[in-house]
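User: Please take a close look at one part of this model for me. I would like to understand a single chain and how it meets its partner.

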Amino acid sequence: MKKEKIVMAVTIGISAFILVAIIFMQFKVVEKTDRISIDAMTESDLRSELISWREKYDELQLQYQDTLVKIQEYKEEYKSDEETEKLLENELTELKTLLGETNVHGQGIIITINEGNLQNDKINYEDLLYIVNELKAAGAEAISINDNRVINRTGIYTIGTESGFIKIDGKRILAPYIIKAIGNQTYLEGALLGNGGYVDELRKWGFEIQIERNDDVKIDAYSNSLSNKYMK
Amino acid sequence: MEKKIQLLIIFVLMSMGLTYGICVQMKTVSKNGTTVNLTSTQSKLKDEILRISEKYDNLFAELEEVEKQLEVERQNSTSNNSNLATLEENIKQRNLALGLTEVTGTGVKIILNDSNITTATNPFINVSDLLVHDGDLMNVVNELFNAGAEAVSINGQRVISTTAIECDGNVIKVNGTKIGAPFEINAIGYPELLSGGLSRQGGTLELLEARGLSINLSKQNSIKIPKYAGAIKFNYATNIENY
């Protein structure tokens with residue numbers, strides 16, 4: 001009699017334990033999906049999210065393979081200093097290209113903004129900031145404004161207020177503003193036009209803007225010197 | 001008899017606990033509403049996204065490992081030649097500048113949050129003014145670069161050359177990753193210049209403050225900014241030789 005009772009108590013205890021464990025697992029799953037905030041997405045949103053994850057993953061994979069190859073190259077024995085120098089130079093050029101320290105070319109678009117005869121409205125730094133941001137969102141790899149290369153730490157500002165002029169990385173620029181971008185032409189153009197596109201917005205205000213597709217856009221290197229004084 | 005009562009009490013307590021757990025769980029799920037109503041395609045897609053994002057995280061950790069190895073190899077093969085060591089240092093500095101390594105330095109921290117003013121307390125206010133928008137973040141980041149910032153991050157997302165700040169419904173995307181208020185912007189540079197640039201008269205922070213947004217700016221002796229969580233690759237732009 002007593003034995004039966006103990007068996008029963010143990011059985012119930014175990015099943016209760018399992019239930020609690022399941023509940024906690026469930027909690028965790030809910031939390032995890034929340035974190036990525038994909039709960040409220042429609043099917044097409046989910047699809048594009050998945051595609052962008054796959055693209056990001058593939059890029060990372062390439063980078064990984066690339067790094068492995070480089071390690072192997074440095075490791076090779078009986079390598080002369082000249083050969084090492086070559087490896088280093090190659091790596092340096094690659095990084096300089098990504099930073100904007102080289103002249104580059106490729107397919108892209110050229111945007112020309114004319115202030116025309118507008119009396120009260122002028123382009124200000126914020127307009128250029130928005131356009132640059134949309135170009136970046138569309139995957140632009142190189143951008144310049146009136147032949148000033150936009151790099152990752154470029155700042156744009158307006159000196160004075162109404163009658164002021166725009167400076168980009170300390171260099172004064174004047175209308176007409178010519179913005180060049182290298183990247184997928186369809187994406188770049190698409191980002192600026194249509195739903196919420198900033199070029200459309202500016203056109204509504206009366207600015208004259210042309211967008212030209214060009215298969216060989218040339219963009220000059222960043223001309224200021226780059227140094228890291230504060231970061232390690 | 002007494003033992004029976006004891007057992008009974010234990011049972012009752014156990015079932016109460018269980019019921020409570022189940023109820024809490026049900027409430028959590030119904031709060032997320034959509035979780036329950038997902039079609040099978042949607043949940044399949046969701047599973048795939050979760051799986052690939054996990055794979056991505058793993059690969060990223062591996063990449064960090066091999067990048068460290070590469071740095072060691074590079075150092076080893078340049079240690080006894082000053083010419084090569086200079087090249088190696090140039091590579092290091094560019095990796096810092098690109099955002100491909102974690103960096104530390106002096107700088108500022110800005111915490112930006114939506115206003116706590118509501119239309120209930122002020123019916124004439126424009127609701128949109130009370131929220132932090134993509135354009136606000138763009139302006140703050142731009143102002144930091146104007147003041148000579150060398151590295152900037154927003155909620156842990158390093159700002160690199162391809163970083164866009166996009167509005168996506170009621171959230172903001174930086175580097176394609178969704179982030180929400182409060183926004184913590186960290187910047188490395190000369191603290192006096194960075195904070196001076198932001199808080200100057202008629203400057204960015206003054207305009208945000210006028211809208212009732214909550215802003216907290218502080219100078220930092222040592223601030224850490226993470227590396228970009230991805231790879232930077234060009235598919236369209238190539239170098240012009242002999243330009």
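Analyst: This is a predicted model. Start with the two domains of chain B: their C-alpha centres lie 30 Å apart. Domain 1 covers residues 48–96, and domain 2 covers residues 103–225.

Now the chain as a whole. Chain B contains 7 helices and 9 strands. Along the principal axes, its C-alpha atoms fill a box of roughly 95 × 55 × 40 Å. The radius of gyration of chain B is 26 Å, whereas a compact globule of 243 residues would have one near 18 Å. Of the 243 residues in chain B, 30% are buried. Look at contacts within chain B with a separation of 6 or more: 73% of them join residues 24 or more positions apart.

Next, the partner. The contact between the chains takes 82 residues from chain B and 77 residues from chain A. On the chain A side, the elements giving two or more residues are α1 (2–36), α2 (43–75), α3 (81–99), β1 (104–114), α4 (125–137) and β4 (156–159). Of these, α2(A) gives the largest share, 22 residues. By class, this side of chain A has 35 nonpolar, 23 polar and 19 charged residues.

Finally, zoom in on a place where strands from the two chains pair. Strand β9 of chain B spans residues 238–239. It is joined to β1(A) by 2 bridges, and the two strands run antiparallel. Here H105(A) stands opposite T238(B) in β9(B). Strand β1(A) is also one of the elements listed above for the chain A side of the contact.

Notes
Residues numbered from 1 in each chain as written. Chains lettered and ligands numbered in written order. Predicted model: local features only at pLDDT ≥ 70, side-chain atom pairs only at ≥ 80, totals over all residues. Domains from an automatic or database assignment. Contact = placed C-beta atoms within 7 Å. Helix = DSSP H or I, 4+ residues; strand = E, 2+ residues; numbered from the N terminus. Nonpolar A, V, L, I, M, F, W, Y, C, P; charged D, E, K, R; others polar. Pairing = 2+ DSSP bridges. Rg over C-alpha atoms; globule rule 2.2 N^0.38 Å. Buried ≥ 20, exposed ≤ 12 C-beta atoms within 10 Å, placed from the backbone.
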